[in-house]
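Hi,

Here is the structure I promised to send over. Have a look at it first, then read on for what turned up.

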Amino acid sequence: MNEQSLKAQEVKEQWMLLGLAGPAVLLIFAIIIVPVGWLTYLSFVDSNGEFTLEHYQKMIEYKSYARTFITTFEVSILTTLICIAIGYPLAYFLSVLPPRLAGLFMLTVLLPFWTSLLVRTYAWLVLLQKKGIINDMAISMGVWDSPLKLAHNLTGTLIGMAHIMLPFLILPLYGSMKKIQRDLMHAAANLGASPIKAFWQVYFPLTLSGMVAGSLIVFILCLGFYVTPAVLGGGRVIMVATQITAILENQFNWGAASALGVVLLVATLVILYVASKLFKINSVLFGKD
Amino acid sequence: MSWLKKSASDTQITHGRRLWLYASAAIIMLLLVIPTLIVIPMSFSDSQYLEFPPSNWSMRWYYEYFESARWMRATATSFQVGFLTMILATPLGTMAAYALFVSGHKLARVVFTFLITPMIVPVILIAIGIFYAYGKAGLNNTIPGLVLAHTVLAIPLVMIVITAALRTYDLNQERVARSLGATRTKAFFVITLPQIKFSVVTSALLSFLTSFDEVIVAIFVSGGSNATLTKHMFAALRDYIDPTIASISTLMILISTTLLLATQIFGSKEK
């Protein structure tokens, strides 16, 4: 065998291997790409099948659309910030524990992660409602006097969403914290940095990649979230996904619903693209080292 | 209280100065777990209303669930779809992950990114897209339709789990087997697969759960006598709070906890 035929054989094998991914590629093409492409087409045509931008123009003209987008971004940003504020200390705590304890306490993150989000949304509805446990306990302990409105509004939505999204932030963050060599902290201490200074100047920057990856996942999942805002928002928190279903249920207007979905998709892709340019997140999101 | 003064790490921090961290971590962990588990005691309540702690205990809501033909039908559908999704997504995802990992082809990265698009495209868009396309293809409210949709959602998860496992595995072992005359297929099944089998099991359990817990696609694509448990639950949640949901939730927590513990046990074996 000469070099050429070896090379040809190698190329052939590479293609055969790629072929193994074929069934998955075909399935995703048929079930994701074709339908989404179809909807994209529908968003650009009117009821007579002619090209139009009316579905997109409506988004600019009608105030209700603007409000939906603002609500969506507001909820997504707030949820992400809450997750960072709560998730960072917990991830840090877990990362400094000895492995056995860390594994045990990690179950407190994994248990909700594996539990149906419908179940957790339901639990929050039960906890937060007017005659719910939280109001009952707070009143009997004298924290507040009359029942607070915690569910069926923005507060309830944010609480529920933060709870559901938290594991998505903690897991990558924990991963990046575990990778940090403790020697770096020794070196910082040795060179005279106070623990706080060492944390901010050495430790924190090293956790940024995990934090950005986690925040991105949370933010992007929030953008298209449907169940929790629909149940805990009680019709008061209209996010894009809620509006899409409402348009389909009430008007059966595929063009308008698709246009909203397309805008959501484009927003997601732009955010991912910008973030991947700003930070080297590929390594975390796609697990490439 | 000498423990407080002991250093917590080999830098200068003492446990005493870290108390705030321990306290806040404890509170956060409680906040994560309690709302997940609170439905369990409530499901044993006797009352129409959800009260905590329940004034009278009973199995009433479990009877309500098990004696309802509608809930039973939906549960059977969910199990069926979950199982079929699992046996489809696991081999497809594993094959793709393995192929892309070992092939040095420059397209491999592109294909990998393509295969995880179901995680990037907002689920609501996927859901209405499939609903529309299935409308044309006559696949709405059918089991095969729902299984295919859930398989697509599960494949990226399988690929991520398997790729992670392959990364910690030394592929040279396969090369040795092949240099000794094994075909690539044989080398994979005899040498590689046994060493990543726990990750394969984990990804299978994840695929099942992805389908079993999936709500949005199911709301649109499943219906009639093939509606899933989650579709019925969502409808019940949006309209009124039916305590039967508490008993169903408890059973769902039981399932996910069992699967989670299974993966933990498998995971620790592989290391």
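Below is a quick tour, chain by chain and then where the chains meet.

One thing to keep in mind: this is a predicted model.

Let's start with chain A. Chain A is more spread out than a compact globule, because its radius of gyration is 24 Å, well over the 19 Å that the globule rule gives for 289 residues. Its C-alpha trace spans about 80 × 70 × 30 Å along the principal axes. As for burial, 43% of the 289 residues of chain A count as buried. If you take the contacts in chain A between residues at least 6 apart in sequence, 74% of them join residues at least 24 apart.

Now chain B. Here too you'll find 14 helices and zero strands. Its radius of gyration is 23 Å, while a compact globule of 271 residues would come out near 18 Å. The C-alpha atoms of chain B fill a box of roughly 70 × 70 × 30 Å, and 45% of its 271 residues are buried. For contacts in chain B with a separation of 6 or more, residues 24 or more positions apart account for 70%.

And where do the two meet? On chain A, 65 residues are in contact with 74 residues of chain B. Helix α2 of chain A (residues 22–43) gives the most to that side of chain A, with 12 residues. The residues on this side of chain A divide into 54 nonpolar, 10 polar and one charged.

Cheers

Technical notes: Residues numbered from 1 in each chain as written. Chains lettered and ligands numbered in written order. Predicted model: local features only at pLDDT ≥ 70, side-chain atom pairs only at ≥ 80, totals over all residues. Contact = placed C-beta atoms within 7 Å. Helix = DSSP H or I, 4+ residues; strand = E, 2+ residues; numbered from the N terminus. Nonpolar A, V, L, I, M, F, W, Y, C, P; charged D, E, K, R; others polar. Rg over C-alpha atoms; globule rule 2.2 N^0.38 Å. Buried ≥ 20, exposed ≤ 12 C-beta atoms within 10 Å, placed from the backbone.
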